[in-house]
Amino acid sequence: MELRRMSGWPVLLGLALLPSLAMAVGKCERLVVTGSPDAPPYLWRDPQDPRHLIGASADLLQQVAGELGLKVELLYAGKRSEALEEVRTGRMDMLADAPLTLDELESLDYIHPALVQNDYLVWTRKETTLDYRQLSDLQGHSGAVSEKARLTQPFQALAKEQLQLKRLPNLTQVFQKLLLGEFDYVLAPRYAGMVMAQSLGMAADLAAFPQPIDKPGLFLALSHNSACNDPWLRGQLAKKMTELPASGLTEALLQRNLERWKAQLQQPVSSPKP
């Protein structure tokens, strides 16, 4: 008799837990996100509202979050290292453009696949005799890359062993020194390099080989200390990331933000206030 009475308890307990399960799935209604403030066309500070970040990664995340019923705010949190620290501590929930590094797996959950791929190309002067098809073709030639470049760890290890790569403070100096003949080639992102060459008036003098030398992904990465970090959200985001490549949305938003950035470069504005 006692056993018969007790057999209904799991059902009753399950029914009682339904509201709390629903709350668990929907407990995160707002994600506070940050990222690099100087990585157009993916992310950069909004000149009209410097507290926020704009760009293709921001637009993609807003689209994905909207489909999941989440509100997202992309906030400026300082330079890249400062933004990373804000997310590590859980003061902000997510990075929108995290490069995959083993060290960060202790504090971040990366959502696979990557939100976007930031292809790096080999750029040269148009009159060059250098013919790049594989990494070994660059051996014996002088090269440069920006200190801000986010290359994959395997490629960085290969480059250290096989290439003569000098790091310069920014992409502007990289391209200027290439044009002056101080280097035989430089490594720069496909889109950022294209706009930089145009904005510096070098587009007619520089060219890039079409095959990427490195293809670092920029990932969504949730903080282990974020209250929003739960299996449901990670699963839903991973599903959306898997669907994105076939949707055509990524390329459309990249092109839109390229034009947005180019238009901004043509209109001199004062630097954003901290």
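**Exercise 1. The largest pocket**

How much space lies in the largest pocket? Then describe its lining.

*Solution.* The model is predicted.
- Step 1: volume. The largest pocket holds about 740 Å³ of space.
- Step 2: lining. There are 30 lining residues, and nearest the centre lie Asp-38, Ala-39, Pro-40, Lys-148 and Trp-261.
- Step 3: elements. Two or more lining residues come from each of β2 (38–39), β3 (43–46), β9, α6, β11, α7 (190–199) and α9 (249–265). The largest share belongs to α9, with three residues.
- Step 4: The lining splits into 18 nonpolar, seven polar and five charged residues.

**Exercise 2. The second largest pocket**

Find which residues lie nearest the centre of the second largest pocket, and work out its composition.

*Solution.* 
- Step 1: volume. About 510 Å³ of space lies here.
- Step 2: centre. The lining has 27 residues; Arg-80, Pro-99, Leu-100, Thr-101 and Arg-150 are nearest the centre.
- Step 3: elements. At least two lining residues each come from α4 (80–89), β6 (94–99), β7 (108–117), α5 (153–162) and β13 (217–223).

**Exercise 3. The five-stranded sheet**

Trace the strand order of the open sheet that contains β11, and state how its strands pair.

*Solution.* 
- Step 1: order. The five strands run β10-β9-β11-β8-β12, with mixed pairing.
- Step 2: edges. β10 (164–168) and β12 (206–208) are the edge strands, each pairing on one side only. On average, neighbouring strands are turned by 35 degrees against each other, direction ignored.
- Step 3: β8 to β12. Three bridges join these antiparallel strands; β8 spans residues 120–125. Arg-125 has Leu-206 in β12 as its bridge partner.
- Step 4: β8 to β11. Four bridges link this antiparallel pair. Leu-121 stands opposite Ala-188 in β11.
- Step 5: β9 to β11. This pair is parallel, over three bridges. Ala-144 faces Val-186 in β11.

**Exercise 4. The setting of β11**

Is β11 enclosed or open?

*Solution.* 
- Step 1: burial. Five of the five residues of β11 are buried, so the strand is largely enclosed by the rest of the structure.
- Step 2: faces. In a regular strand, side chains alternate between the two faces of the sheet. In β11, one side carries Tyr-185, Leu-187 and Pro-189, and the other Val-186 and Ala-188; all are buried.

Conventions
Residues numbered from 1 in each chain as written. Predicted model: local features only at pLDDT ≥ 70, side-chain atom pairs only at ≥ 80, totals over all residues. Heavy atoms only, no water. Pairing = 2+ DSSP bridges. Axes fitted to C-alpha atoms, helices over the stretch in contact; angles between N-to-C directions. 1 Å grid on protein atoms, 1.4 Å probe; cavity = no way out; pocket = protein on both sides within 12 Å on 5 of 7 lines; lining within 4 Å. Points joined across faces, edges and corners; volume = space filled by probe spheres on them. Nonpolar A, V, L, I, M, F, W, Y, C, P; charged D, E, K, R; others polar. Buried < 20%, exposed > 50% of the residue type's maximum accessible area, 1.4 Å probe, protein only.
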